[in-house]
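Please open the structure in your viewer and keep the sequence at hand. The tour below goes from one selection to the next and says what is found at each stop.

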Amino acid sequence: MRFSIIASGAAAFVWLLFDTTLAVHVTSTNTVLIPGGYRANANLHRVSSGSRIAHVGSEIHVFDPNGTVVNVVTPSPATKTSAAVTPEETGWVTYANWLNTGTPIGSFGTTWTVPPVPATWHGQTLFLFNSIEPSTFDAIMQPVLQYGGSAAGGGEFWAVATWYLYGDNTFFTTPIAVNPGQVLNGGIQLVGTYNYLAQFTNVPGTAIEVDGGEQLTWATETLESYGVTETSDYPSGSTVFSDVTIILVNGDIAPVSWSTVNDPGDGLSTTVNANGGSNAVITIQY
Ligand SMILES: *[C@@H]1O[C@H](CO)[C@@H](O)[C@H](O)[C@H]1NC(C)=O
């Protein structure tokens, strides 16, 4: 009894936080913002860091870190129409990408620094991340740096969370506030066939493991944004993704050639400063 009262108090608090930060992004009462766009509220699942999300037939089972199954969902998986994403004013505005067609990826790491807080606040949401997707299924695994509100929480500050989207279902850890200048290591690691662990390896509380899903092949370094009304809603300067390294499951450095997609109309671009599978450098200019 006592436990359930505490739990519902916590839920109400989360809802309040979520409600105020998201006011400008709610297009209908049942739709909220995630990296990837607006989604049905009903298919969002906050998970504890260290959770394991297992694909079991057509179901997804969520295991709490203590091993208890806390949720079972049956997603409607969608097939991607194409691997590439068109740059948009809203959504993925600029990014670098590489599609692996050979030996599976064993790990994908990226280092970047939390940018300064944008000079202006118009309720915008910015997402910066390294991500990895299957070739044909609509799914993505991503350690995400966020400014502004999303379905996970957040607000007028930078915060990190790990997300897994599969078809119409979305799983995420609770955002953890980070400071401008803080160095982040976003990592995705193959830990079985095909099991992946995604997290900020230097921020505790951000880990999600996904087991028995699709092989992940399409790697990106991305800026995604919503509700931006002027350039100063972005941080000043640029974000440099460095130590961008993809190692294959056999231990070889992946034969990576990053290519970029830009949004020249809005002055947003991605530049590959050092290409390749090891210690590549990719800059997003605001
Ligand atoms: C395991 O975690 C779940 C969800 O957090 C909780 O409800 C349950 O009591 C925990 N079980 C044990 C044995 O600790």
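Begin by selecting R39 together with the residues around it: leaving aside its neighbours within four places in sequence, R39 is in contact with N30, T31, V32, I34, L165, G167, D168, N169 and T170. Bear in mind throughout that this is a predicted model. R39 itself sits in strand β2, which covers residues 37-40. Now show the side chain of R39 and the backbone of G167, where the side chain reaches the backbone oxygen at 2.9 Å.

Of its 286 residues, 49% count as buried. Among the contacts between residues at least 6 apart in sequence, 64% join residues at least 24 apart.

Colour the strands now and follow the open sheet of ten, whose order is β6-β5-β4-β16-β15-β14-β8-β18-β21-β20 and whose pairing is mixed. At its edges lie β6 (69-73) and β20 (269-274), each of which pairs on one side only. Neighbouring strands of this sheet are turned against each other by 20° on average, direction ignored.

Within this sheet, select residues 51-56 and 208-211, which are strands β4 and β16, and which pair in the parallel sense over four bridges.

The remaining stops concern the backbone. Most residues other than glycine have a negative phi, and most peptide bonds are trans. With that in mind, select T193 and Y194, where the peptide bond from T193 to Y194 is cis, with omega near -20°. Y194 lies in the loop between β14 (183-192) and β15 (195-200).

Move on to D243, which is placed in strand β18 (residues 238-248). D243 has a positive phi of about 50° although it is not a glycine, and at 38% relative accessibility it counts as partly exposed.

Finish at N279, in the loop between β20 and β21 (280-285). Is N279 buried or partly exposed? With a relative accessible area of 44%, N279 is partly exposed, and its phi, near 55°, is a positive value in a residue other than glycine.

Terms used. Residues numbered from 1 in each chain as written. Predicted model: local features only at pLDDT ≥ 70, side-chain atom pairs only at ≥ 80, totals over all residues. Heavy atoms only, no water. Pairing = 2+ DSSP bridges. Helix = DSSP H or I, 4+ residues; strand = E, 2+ residues; numbered from the N terminus. Axes fitted to C-alpha atoms, helices over the stretch in contact; angles between N-to-C directions. Polar contact = N/O pair within 3.5 Å; in protein donor to acceptor, adjacent residues only side chain to side chain. Contact = heavy atoms within 4.5 Å. Buried < 20%, exposed > 50% of the residue type's maximum accessible area, 1.4 Å probe, protein only.
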